[in-house]
Amino acid sequence: MASRRISLGMPTPRRTDETAASLPDTSDRPDTPALADRFGREATDLRLSLTDFCNLRCTYCMPASGMTFLKKDQLLSVDEVVRLVRIGVEHLGIEQVRFTGGEPLTRPDLEEIIAGVAALEQRPDISLTTNAIGLDHRAATLRAAGLDRINVSLDSVVSETFERLSRRPLLHRVLAGIDGAREAGLSPIKINAVLLPGVNDHELPDLLDWCLERELQLRVIEQMPLDADHIWDRGAMITAGDVHSMLADRFTLSPVAEARNGAPAELFEVADRAGGRHRGRVGIIASVTRPFCADCRRTRLTAEGRVRTCLFSREETDLLGALRSGGDDEAIAEIWRAAQWGKKAGHGMDREDFVQPERPMSAIGG
């Protein structure tokens with residue numbers, strides 16, 4: 001294939017609390033419109049954060065207080081979100097879009113954003129990661145706008161534990177939101193749970209049973225070094241191996257037959273150990289102990305329009321500046337391609353020189 005050299009008269013990428021990314025040398029990049037990197041991967045899954053604000057303060061994500069959030073004019077507008085998604089779909093081969101935050105339901109224009117993306121001629125799959133607070137009042141309108149499915153962050157269904165983890169007494173509102181999503185026909189509904197030792201890890205078998213009874217698909221996620229307080233301890237985290245051990249007394253887990261195809265969750269069929277009745281599936285996302293970087297198919301945009309090629313990137317590339325200064329679609333696509341070409345082989349958590357990103361998960365977009 002021919003190679004291309006990218007030289008654009010666009011604004012220099014800028015950052016405040018992360019390193020500004022200089023566009024990498026792309027002289028050896030194959031002449032493909034896809035979001036390719038040097039390791040043979042192509043990104044088809046866009047994770048786009050709509051806000052860095054959240055109405056919870058989960059201990060593994062945000063500090064109890066003291067956060068400074070982006071101002072409205074710093075966030076991507078509805079038109080800017082839709083345009084960037086359209087560029088991703090039409091120019092770069094994006095097939096799936098997941099809206100994240102912060103908490104995306106705190107944006108009153110979320111329905112408008114989803115409707116705009118759903119109206120694209122090449123319509124991507126549209127999903128949402130949310131804490132579900134307020135979803136009971138909006139699930140039907142979001143579904144009508146074009147939302148296909150949701151993931152709900154829920155680490156405990158015990159009120160006291162939920163409040164300890166989230167620092168807010170709002171479990172009842174999350175549960176109401178899940179009920180609203182089910183009534184609206186959003187399916188499948190996946191439940192994302194992070195286990196912390198001595199806090200909610202002992203609740204895992206009951207949480208899985210609770211999800212299976214309601215035909216919800218639990219995803220257990222290893223805690224990652226993305227907390228605002230930077231107190232993550234690899235030696236104390238609950239691993240995928242621990243999850244299997246915790247479930248072994250009540251359930252039998254068997255790997256699913258189909259290929260993973262770049263999905264972050266390793267899926268298992270679940271059966272009751274007593275009696276062997278099949279109950280459903282559970283997923284384990286072992287980003288730390290069983291990394292899946294070699295088959296990563298994701299690219300990320302922050303709420304202010306900056307490309308992150310990995311959750312653990314310490315560099316970001318600005319697209320919003322190019323967007324607001326009049327860059328055409330292909331020029332913006334070229335910046336995005338160049339940024340993705342610089343994606344590293346892996347997140348590097350096994351390296352001795354690994355440094356946790358300055359931005360917490362809420363500011364990056366899960």
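**Close-up 1. Crossing of helix 6 and helix 7.** The axes of helix 6 (residues 204-213) and helix 7 (residues 240-247) cross at roughly 75° and come within 9 Å. Axes are lines fitted to C-alpha atoms, for helices over the stretch in contact, with angles from 0 to 180 degrees between N-to-C directions. Helix 6 is therefore roughly perpendicular to helix 7 (65 to 115 degrees). Helices are DSSP runs of H or I of at least four residues, and strands are runs of E of at least two, numbered from the N terminus. This is a predicted model, in which local features need pLDDT of at least 70 and side-chain atom pairs count only at pLDDT 80 or more, while totals for chains, interfaces and linings use all residues. Residues are numbered from 1 along each chain as its sequence is written, and side-chain values use heavy atoms, leaving out hydrogens and water.

**Close-up 2. Residues between helix 6 and helix 7.** From helix 6, Leu204, Pro205 and Leu208 meet Val243, Met246 and Leu247 of helix 7 (contact: heavy atoms within 4.5 Å). The residues of this contact are six nonpolar, no polar and no charged. Leu, Pro, Val and Met are among the residue types counted as nonpolar, Asp, Glu, Lys and Arg count as charged, and Gly is among the polar ones.

**Close-up 3. The annotated cysteines.** An unreviewed UniProt entry lists Cys293, Cys296 and Cys310 under "binding site"; such annotations may be inferred rather than shown by experiment. They are spread over 18 residues of sequence yet cluster in space, with a largest C-alpha distance of 9.3 Å. Cys310 lies in the loop between strand 16 (306-308) and strand 17 (315-318).

Close-up 4. Cys296 sits in the loop between strand 14 (278-285) and strand 15 (298-301). Cys296 counts as buried because its relative accessibility is 13% (buried: under 20% relative accessible area, 1.4 Å probe, protein chains only). Leaving aside residues up to four places away in sequence, Cys296 touches Arg41 and Lys343.

Methods: Buried means under 20% relative accessible area, exposed over 50%, partly exposed in between (1.4 Å probe, protein chains only). Angles under 35 degrees count as roughly parallel, over 145 as roughly antiparallel, 65 to 115 as roughly perpendicular and the rest as oblique.
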